[in-house]
Amino acid sequence: MTEDHADLAEPGLGLRTLRMAVRCLPRGRSWAIRRGLPHVAPGHPVRGDFHDPRISFAADMNQPVARTLFFHGYWEQNVTSVLLHVLRKGQTVVDVGAQIGYWILLMSQAVGQEGRVLSFEADPTTFGELTGNVRLNGCQNTMLLALAVADASERRRFYTKSITHSDVASLITTEMTAPSIEICTIALDEFLDESGIGCVDLVKLDIEGGEMYALQGLAAGIQSRRYKRILLELHPAQIATAGLTSRELLNMFSDSGYRCFRIANYRPGVLGRYSLKFRKDLLVPDDDGDWAEEWPHYFLIAPDLEDEFVAHRGN
């Protein structure tokens, strides 16, 4: 069901004051949001904005992602920096696991009306919130699809809530008692072929462990280098339940000539700690090592874009 955000209430003075205070902190913003503000929750969603005030969304303070966005102004700082650095007007981009729409709204604004954004979100409740946020911002260049991206077009069980992470939903779970529903899946290569879409400038893939299925559905496109850039979040614990490793999934790209970078999960230095300005040290060349992160992020680049990317990194 689509959420109607047309009459979204503005935040009260207290919430606006707290938001301003958090965004002025030189350090400790994430701690303040997680620990100091967990119970700041009006009885209804209110209008929030990103670091760019032209982008609005419905902020339900009971949801960790929405609460962080409201106070912080962005989600996953360094991934956001990389994304904004590579997006250009007129590009075709795909968001797999769109959640409430943070990445979609950034993509839609960055690629402009001459660009195209495809969004996949399988959780029915989240899809309603996503649709409401896209409508709130008048994104005419965006196609929303209530589907999960996997290795085939079929019906499959989808786990709608994690016991340890209430905002996590996926095709795969490590929790035997997690509630589930039946949803439709598609293979992205097949969907793009049927839609007449060739080259994709960027794919963002964050589906809580389901990436091992999704990448099988991208396999032909990876081999042909149809996908020029990929922002990938991996979930090693979920991947391991299928007897695979993160390295095996990354090898799908390296075997086809892609360059692989790990996105640092911290921003070095003291000054500019909360800046979204791109820095070349945010991308660490992958050395086949295992990183001690629960959900590591990677940026993969097709060989024909390597020179272009090196030039952009210096900007």
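These notebook entries record what I looked up in a predicted model of one protein chain.

**Ground rules.** I number residues from 1 along each chain as its sequence is written, and my side-chain values use heavy atoms, with hydrogens and water left out.

**Overview.** I found twelve helices and 13 strands in the protein chain, where helices (H or I, at least four residues) and strands (E, at least two) are DSSP runs numbered from the N terminus. Of the 315 residues, 53% count as buried; buried means under 20% relative accessible area, exposed over 50% and partly exposed in between, with a 1.4 Å probe and protein chains only. I also noted that, among contacts (heavy atoms within 4.5 Å) with a separation of 6 or more, residues 24 or more positions apart account for 71%.

**The sheet.** I traced an open sheet of eight strands in the order β5-β4-β3-β9-β10-β13-β11-β12, with mixed pairing; two strands pair if DSSP finds at least two bridges between them. Its edge strands, each pairing on one side only, are β5 (142-145) and β12 (283-285). The twist averages 20 degrees from one strand to the next. I then looked at β9 (residues 202-205) and β10 (residues 229-233), which run parallel and are joined by three bridges; L231 in β10 is the bridge partner of K204.

**Helices over the sheet.** I saw that α5 lies across β3 (92-96), β4 (116-120), β5 and β9, running at about 170 degrees to β4. Helix α7 (residues 188-195) lies across β3, β4 and β5, at about 140 degrees to β4. For these angles, axes are lines fitted to C-alpha atoms, for helices over the stretch in contact, and angles run from 0 to 180 degrees between N-to-C directions.

I found α4 mostly covered, with nine of its ten residues buried, including V79, T80 and L83.

**α1 against α3.** The axes of α1 (residues 13-24) and α3 come within 8 Å and cross at roughly 75 degrees, which makes α1 roughly perpendicular to α3. Here L15, L18, R19, V22 and R23 in α1 meet L69, F70, F71 and H72 in α3, a contact of six nonpolar, one polar and two charged residues.

**Two single residues.** P64 lies in helix α3 (residues 64-72) and counts as partly exposed because its relative accessibility is 29%. I noted that P64 and R34, 30 residues apart in sequence, are 8.3 Å apart in space, C-alpha to C-alpha. S256, in the loop between α11 (246-254) and β11 (259-263), counts as buried at 11% relative accessibility. Not counting residues up to four places away in sequence, S256 touches I222, Q223, R225 and P303.

Methods
This is a predicted model: local features need pLDDT of at least 70, side-chain atom pairs count only at pLDDT 80 or more; totals for chains, interfaces and linings use all residues. Angles under 35 degrees count as roughly parallel, over 145 as roughly antiparallel, 65 to 115 as roughly perpendicular and the rest as oblique. Ala, Val, Leu, Ile, Met, Phe, Trp, Tyr, Cys and Pro count as nonpolar, Asp, Glu, Lys and Arg as charged, and the others, Gly among them, as polar.
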